[in-house]
Amino acid sequence: MRFLPVFLDLKAGPVVLIGAGELLRAKLRVLSAAGAHIRVHAIDGNLDLGLSSEDAARIEIATADPLTADLAGVIAVVCAGAGDIGVAMSARAKALGLPVNVMDDLEHSSFIFPAIVDRGDVVVAIGTGGTSPVVARRVREKIEALLPARIGELAEFIGGFRKSVNERIAEFPLRRRFWERVIDGPIGAAVLAGRKGEADAALRAISDPSDFARADKPEGSVALVGAGPGDPDLLTIKALRALQDADIVFHDELVSPEILDRIRRDTTRVSVGRRVGKPGIGQDAINQRMIEAAQSGQRVVRLKGGDPFVFGRGGEEVEALRAAGVAYSIIPGITAGLGGSADFEVPLTYRQEATRITFLTAHKASDAEAVDWSTLTDTKMTVVVYMGMTAAPAVRAGLFAAGRSPETPVGVFARVTRPDAQGAIGTLRDLPELVGQIHGGPAILIIGDVIRHAGSLRRETPKQILSDLLDAAE
């Protein structure tokens with residue numbers, strides 16, 4: 001490690017910035033965003049710095065020669081697009097013992113700019129020793145995805161209580177345990193969810209911080225997490241964090257293996273879902289197991305395909321958790337209807353053609369027979385049927401009986417957003433035959449004129465492309 005990461009107190013004095021053009025303005029934006037007082041030497045004479053009036057109040061335009069200007073009180077020198085002046089300024093700064101950065105010039109720099117993740121009071125700096133800023137940016141993107149958006153607010157929240165709590169807990173290890181319990185428990189979760197008032201009241205309600213820190217039984221919680229339709233890259237950032245934090249995950253059968261791979265390795269995984277026609281443990285048993293795990297102090301994730309509140313029984317589980325007094329949170333996921341729509345380029349709404357959407361489930365013929373199909377005959381309505389492969393003949397019969405045209409466009413889309421996704425398009429008349437072309441579910445049916453706008457159903461792989469070329473050559 002050549003460069004030691006340090007954090008510079010920008011309130012200690014001005015930063016001198018020397019340079020020209022967009023390079024100067026880019027560095028100016030970085031320093032300004034950090035709240036620095038900046039003394040700018042624009043060596044090209046262009047003073048159009050493109051900053052807001054608020055930022056401009058902290059910027060001093062210097063007209064003197066930077067090589068002879070007074071540097072008393074300056075805390076750092078930065079050169080961006082300064083050419084030979086940057087090299088000369090580096091020598092001057094080093095002679096005065098001032099930190100200096102000459103952009104893209106390690107030889108003449110005593111410090112470098114890291115890639116920065118800024119979350120207010122929480123700042124992460126990523127460096128590659130100046131060798132590859134692009135690699136640093138890629139690492140920053142990964143960290144950006146993992147850090148909660150309100151992690152800085154959590155740090156600020158803790159800072160507001162730290163002195164008063166620490167005065168009440170003499171032993172340092174006990175202090176650490178106290179703050180670990182606050183951050184990892186419902187109080188920290190409330191801050192990260194934007195419920196700072198609730199967190200403030202809960203922390204103030206702790207009458208004996210030492211007893212709270214010594215408590216053997218940690219506070220458990222449940223997160224109802226939507227896994228989306230299958231592609232792990234469609235997991236929300238919040239869902240990924242929940243999977244990484246979980247002690248135990250109760251997951252459906254339809255959650256893809258690639259998503260299960262995102263769970264922390266030492267987390268207990270319990271399959272509680274079922275497929276059509278196969279037995280499961282039942283919703284009441286799932287509720288009870290989640291509650292018992294949370295009451296034992298574990299961080300529980302109930303992982304569901306799609307979204308917990310779209311045919312996922314999330315509402316029933318929330319009611320059970322409320323009744324048991326268990327802390328919970330809800331993390332939505334991309335539902336299969338939206339995933340399939342995007343995957344096969346089927347717009348669920350289309351100006352003047354489709355102005356309404358209805359989502360329904362019909363995984364058995366009896367479900368389809370119970371639907372009032374007469375409400376679904378509007379040609380400007382797109383109907384999305386979940387788990388509709390088995391009930392396809394009953395779906396067709398219901399729509400026919402209600403008066404929907406046999407020529408209504410229909411698409412059957414299976415395993416949407418996954419590499420083996422498959423689709424078949426035709427008309428309502430041919431719906432059962434279209435289902436027969438699909439090799440296994442889960443699948444959704446999309447019914448309506450919007451199907452005419454669908455993209456290609458074929459997934460072109462290098463192997464397929466090579467095969468097509470060979471066929472064409474014969």
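This report walks through a sheet, the helices on it, and a few single residues.

## About the model

What you see is a predicted model, where local features need pLDDT of at least 70 and side-chain atom pairs count only at pLDDT 80 or more, while totals for chains, interfaces and linings use all residues. Residues are numbered from 1 along each chain as its sequence is written, and side-chain values use heavy atoms, with hydrogens and water left out.

## The sheet

Let's start with the strands. Five of them make an open, parallel sheet, in the order β10-β9-β11-β8-β12. The edges are β10 (268–271) and β12 (327–331), each of which pairs on one side only. From one strand to the next, the twist averages 20°. As for the names, helices (H or I, at least four residues) and strands (E, at least two) are DSSP runs, numbered from the N terminus. Two strands pair if DSSP finds at least two bridges between them.

Now pick out β9 (residues 248–251) and β11 (residues 299–304): they pair in the parallel sense over four bridges. Here His251 has Leu303 in β11 as its bridge partner.

## Helices on the sheet

Helix α10 (residues 237–245) packs on the sheet and touches β8 (221–226), β11 and β12. Its direction makes about 130° with that of β11. Helix α13 (residues 314–324) also packs on the sheet, touching β8, β11 and β12, and its direction makes about 175° with that of β8.

Contact means heavy atoms within 4.5 Å. For the angles, axes are lines fitted to C-alpha atoms (for helices, over the stretch in contact), and values run from 0 to 180 degrees between N-to-C directions.

## Two buried loop residues

Ile169 sits in the loop between α5 (151–168) and α6 (172–184). Is Ile169 buried or exposed? Ile169 is buried, because its relative accessible area is 0%. (Buried means under 20% relative accessible area, exposed over 50%, and partly exposed in between, using a 1.4 Å probe and protein chains only.) Apart from neighbours within four places in sequence, Ile169 is in contact with Leu174, Arg175, Phe178, Pro209 and Ser210.

Ser256 is in the loop between β9 and α11 (257–260). With 2% relative accessibility, Ser256 counts as buried too. Not counting residues up to four places away in sequence, Ser256 touches Gly230 and Arg418.

## A partly exposed residue

Back by the sheet, Phe311 lies in the loop between β11 and α13. Phe311 has 36% relative accessibility, so Phe311 counts as partly exposed.
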